[in-house]
Amino acid sequence: MHKEEHEVAVLGPPPSTILPRSTVINIHSETSVPDHVVWSLFNTLFLNWCCLGFIAFAYSVKMVGDVTGAQAYASTAKCLNIWALILGILMTIGFILLLVFGSVTVYHIMLQIIQEKRGY
């Protein structure tokens, strides 16, 4: 019988491929997302003509675990607040003008009625 002998030498890794171990620490920065709660509350209390201020307030107080969702809600709340502010100011000015012109018209009608009664 023929017996083969094999010699195995333990060499280890080559010296050029030895890399030092490193530790990576991921630090999540706290990115603050504007929530526009104060602006929404102002629009809800004072300029809530079309309920846009209330809807903006609802979007402002929604809390989401991820930053992307919070940014989306903040963007929606900002857009609704802008529209609530614009519509609220325009409708308030329109209401004041209607009140002034309506009062002047009623005054002239009453003055005309009084003058007709005196002449009769």
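Asparagine 81 is in contact (heavy atoms within 4.5 Å) with His36, Trp39, Ser40, Asn43 and Ala56, when its neighbours within four places in sequence are left aside. This residue is found in helix α3, which spans residues 67–119, and, with a relative accessibility of 0%, asparagine 81 counts as buried (buried means under 20% relative accessible area, exposed over 50%, and partly exposed in between, with a 1.4 Å probe and protein chains only). The model is a predicted one, in which local features need pLDDT of at least 70 and side-chain atom pairs count only at pLDDT 80 or more, whereas totals for chains, interfaces and linings use all residues. Residues are numbered from 1 along each chain as its sequence is written, and side-chain values use heavy atoms, with hydrogens and water left out.

The protein contains three helices and zero strands, assigned as DSSP runs numbered from the N terminus (H or I of at least four residues for helices, E of at least two for strands), and the order of its elements from the N terminus on is α-α-α. Of the 120 residues in the protein, 14% are buried. Among contacts between residues at least 6 apart in sequence, 65% join residues that are at least 24 apart. The protein exposes about 10700 Å², of which carbon and sulfur atoms supply 68%; accessible areas come from the Shrake-Rupley method with a 1.4 Å probe, and for residues only the protein chains shown count as cover.

In helix α2, which covers residues 52–60, the buried residues are Leu52, Gly53, Ala56 and Ser60. Viewed down the axis of α2, these buried residues fall within an arc of 100°, so they line one face of the helix, the arc being that of the directions from the helix axis to the C-beta atoms.

The loop between α1 and α2 holds asparagine 48, which is partly exposed at a relative accessible area of 26%. Not counting residues up to four places away in sequence, asparagine 48 touches Asn43, Gly53 and Phe54. Its side chain also reaches the backbone nitrogen of cysteine 51 at 3.4 Å. Asparagine 48 and leucine 87 are 39 residues apart in sequence, yet their C-alpha atoms are 9.0 Å apart in space.

Two aromatic pairs are held in the structure, where rings of Phe, Tyr and Trp (its six-membered ring) pair if their centres lie within 6.5 Å, and planes under 30 degrees apart count as stacked, over 60 as edge-to-face and the rest as tilted. The ring centres of phenylalanine 42 and phenylalanine 46 are 5.1 Å apart and their planes lie at 50°, so this pair is tilted. Being four residues apart in helix α1 (residues 37–46), phenylalanine 42 and phenylalanine 46 are separated by about one helical turn; phenylalanine 42 counts as partly exposed at 40% relative accessibility, whereas phenylalanine 46, at 59%, counts as exposed.

Tyrosine 59 and tyrosine 73 form an aromatic pair that is likewise tilted, with 5.7 Å from centre to centre and 45° between the planes. This pair links distant parts of the chain, with tyrosine 59 in helix α2 and tyrosine 73 in helix α3, 14 residues apart. Tyrosine 59 is partly exposed at 27% relative accessibility, and tyrosine 73 is partly exposed at 26%. Lysine 62 lies over the face of tyrosine 59, at 4.9 Å from the ring centre (a charge sits over a ring if NZ of Lys or CZ of Arg is within 6 Å of the ring centre and within 35 degrees of the ring normal).

Terms used. Polar contact = N/O pair within 3.5 Å; in protein donor to acceptor, adjacent residues only side chain to side chain.
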